[in-house]
Amino acid sequence: MDSRNYPFDASSLTISAKIVVAGGFGVGKTTFVGSVSEVEPINTEAWMTVAGEGVDPIPASSKTTTTVAMDFGRITLHPDLVLYLFGTPGQARFWFLWDDLCRGALGAVVLVDTRRIQESFAAINYIENDSDLPFIVAVNMFDGELPYELTEVREALALGPDVPLTTCDARDPGSTVKTLQELVSHTMSLTVSYGGYAPGDVARR
Ligand SMILES: Nc1nc2c(ncn2[C@@H]2O[C@H](COP(=O)(O)OP(=O)(O)OP(=O)(O)O)[C@@H](O)[C@H]2O)c(=O)[nH]1
Ligand SMILES: [Mg+2]
């Protein structure tokens, strides 16, 4: 039967969007995706071994594994909006994967650890200059508090005033959802400012 004969109810459509969770090594990307995913997250963790010494930049934490390809998760942010989350690998030697991970995405959350802020420069630089994704920056508050004012963090990261800067706790699903909502709001505001993306624009990303 011709599918055009079926009744079509546009109000029941669910929109799905790809979101990138980016950032430098060990800033909490895998934790962020895993904290909020309503499906069993797909991780590609590998043990950081002695063989990786001098290659794996081991931070001052109990971190024992690192992402070698990507993280994947899904969250229904709203009954008609499903986000597919793609976490990037943090180590520079896996950054060749970032182009593919960013392709087709609606936007990116760049996580930052202010204890090792230099880990974030390259990630922000990539998302800002080598991808065309709208993005927000979220400081993952490892110690539960922010040792700097957000204005100081903005200055240290050389973020323009148009880039939203927020805080989050990557382990907390509520905080992660709030961060994703901020990204979607930011993306929507750009859509309004620039007259909207045509569906093909999104598909081509
Ligand atoms: N205290 C605290 N620990 C966290 C938080 N987020 C992540 N961690 C811990 O920090 C370590 C690094 O987290 P990951 O999620 O593996 O970081 P990542 O950015 O995916 O790391 P790579 O993939 O190796 O770049 C892990 O041991 C986490 O348990 C947080 O908000 N607070
Ligand atoms: Mg990871």
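With 10 C-beta neighbours inside 10 Å, E40 counts as exposed, because a residue is placed in that class when 12 or fewer such neighbours are found. The structure is a predicted model. E40 lies in the loop between α1 and β2 (45-47). In the sequence, E40 and G73 are 33 residues apart, while their C-alpha atoms are separated by 7.2 Å.

A158 is a further exposed residue, with 11 C-beta neighbours inside 10 Å. The loop between α4 (150-156) and β8 (165-168) holds A158. The backbone of A158 has a phi near 55°, which is a positive value in a residue other than glycine. Most residues other than glycine have a negative phi.

The protein as a whole contains six helices and eight strands. Their order along the sequence is β-α-β-β-β-β-α-β-α-β-α-β-α-α. Of the 205 residues in the protein, 35% are buried. Contacts between residues at least 6 apart in sequence were also examined, and 72% of these join residues at least 24 apart.

Strand pairing involves β5 (81-87) on two counts. With β1 (15-23), β5 pairs in the parallel sense, over seven bridges; here V20 stands opposite F86 in β5. Strand β4 (residues 71-78) is joined to β5 by seven bridges as well, but these two strands run antiparallel. In this second pairing, R74 stands opposite Y84 in β5.

When neighbours within four places in sequence are left aside, V21 is in contact with K29, F32 and V33, with L85, F86, G87 and T88, and with V109 and L111.

Eight of the eight residues of α1 are buried, so the helix is largely enclosed by the rest of the structure. The buried residues are K29, T30, T31, F32, V33, G34, S35 and V36. Among them, K29, F32 and V33 are contacts of V21. In general, an α-helix has 3.6 residues a turn, so residues three or four places apart point the same way.

Around ligand 1 there are 20 residues, of which G28, T30, T66, T67 and G90 come nearest. The greatest contribution is that of α1, with three residues. Sorted by class, the shell has 11 polar, five nonpolar and four charged residues. T30, one of the residues that come nearest to ligand 1, is also one of the buried residues of α1.

Note on methods: Residues numbered from 1 in each chain as written. Chains lettered and ligands numbered in written order. Predicted model: local features only at pLDDT ≥ 70, side-chain atom pairs only at ≥ 80, totals over all residues. Near = placed C-beta within 6 Å. Helix = DSSP H or I, 4+ residues; strand = E, 2+ residues; numbered from the N terminus. Nonpolar A, V, L, I, M, F, W, Y, C, P; charged D, E, K, R; others polar. Buried ≥ 20, exposed ≤ 12 C-beta atoms within 10 Å, placed from the backbone. Contact = placed C-beta atoms within 7 Å. Pairing = 2+ DSSP bridges.
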